[in-house]
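Okay, thanks for coming, everyone.

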Amino acid sequence: MSLNYIKNCYEGCLRPPTVIGQFHTLFFGLVRTFFLGVLGFAVYGNEALHFSCDPDKREINLYCYNQFRPITPQVFWALQLVSVLVPGAVFHLYAACKNIDQEEILQQPVSTVFYIISVLLRIILEVLAFWLQSHLFGFLVDPIYMCDASALAKIFNISKCMVPEHFEKTIFLSAMYTFTIITILLCIAEIFEILFQRLGYLNQPVT
């Protein structure tokens, strides 16, 4: 694969063929990534260090924290961002290999269908991420987490753990849910924009 293909793919990812797609790239690339990278680290960066249980023993703290967080929120949201980028990147790589300019994508039926499929895949991945996030982290972060530590120490069946900065984490969770919903709505709006543009191309008089 030549460097020209990679360059065209990169430019296509930064400049989608629709106005809503370009706004989505701006929102996705700047706002969402900045929010996760900067504020996410501030809220969740030292969570494991300040997560304490009763009795306050290192092995119980680590065991209960792993039970409380099967996957850290930063890793989950980073995987979400990367996975949502994949369908668009694959499409633009396909367009680059076929030498399809961005202005011609929506003028060709085959490339239009493939682009719509990539947008639909983004919607599916965002919905799946929303569902997984709700099951992994819930919608509210309680200040107290009751940990089942019976497998670690028989004398401590249930250990009460303090969750640090639970209110800030609840706000951050709400923001990430909101970002996911906004992204889904932008993808749906982009599909309508594509359909309207296609109708415009079909209704143009043949010269």
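Before anything else, one term: I call a residue buried when its relative accessible area is under 20%, exposed when over 50%, and partly exposed in between, using a 1.4 Å probe and protein chains only. On the ground rules, this is a predicted model, with local features needing pLDDT of at least 70 and side-chain atom pairs counting only at pLDDT 80 or more, while totals for chains, interfaces and linings use all residues. Numbering starts from 1 along each chain as its sequence is written, and side-chain values use heavy atoms, leaving out hydrogens and water.

So, charges. My cut-off for a salt bridge is a side-chain nitrogen of Lys or Arg within 4 Å of a carboxyl oxygen of Asp or Glu. How many salt bridges does the structure hold? Five.

Take Arg122 and Glu190, whose side chains meet at 2.8 Å, N to O. Arg122 sits in helix α6 and Glu190 in helix α7, 68 residues apart, so here distant parts of the chain are linked.

Next, Arg32 with Glu126: the closest N and O atoms are 2.9 Å apart. This pair joins helix α2 to helix α6 (residues 109–137), across 94 residues. Both Arg32 and Glu126 are buried.

Then there's Arg69 with Glu47, again with closest N and O atoms 2.9 Å apart. Arg69 is in the loop between α4 and α5, and Glu47 is in helix α3 (residues 47–50), so the pair ties together parts 22 residues apart in sequence. These two are buried as well. Shared partners also join Glu47, Arg69, Glu165 and Lys169 into one network of salt bridges.

Now the greasy bits. A nonpolar core, for me, is a set of buried Ala, Val, Leu, Ile, Met, Phe, Trp, Tyr and Cys residues joined through side-chain atoms within 4.5 Å. The largest one has 30 residues, and those with the most contacts inside it include Phe51, Trp77, Tyr145 and Leu173. Which element gives the most to this core? That's α7, with seven residues. Apart from it lies another core, of 13 residues, among them Leu106, Tyr115, Ile123 and Ile184.

Contact means heavy atoms within 4.5 Å; skipping residues up to four places away in sequence, Phe27 touches Arg32, Phe179, Ile182, Thr183 and Leu186. From Phe27 to Leu186 is 159 residues in sequence, but 9.8 Å C-alpha to C-alpha.

Last item, helix packing. α5 and α6 pack at an angle of about 170°, with axes 9 Å apart. Axes are lines fitted to C-alpha atoms, for helices over the stretch in contact, and angles run from 0 to 180 degrees between N-to-C directions. The contact of α5 with α6 has 16 nonpolar, seven polar and two charged residues. The classes: Ala, Val, Leu, Ile, Met, Phe, Trp, Tyr, Cys and Pro are nonpolar, Asp, Glu, Lys and Arg are charged, and the others, Gly among them, are polar.

Terms used. Helix = DSSP H or I, 4+ residues; strand = E, 2+ residues; numbered from the N terminus.
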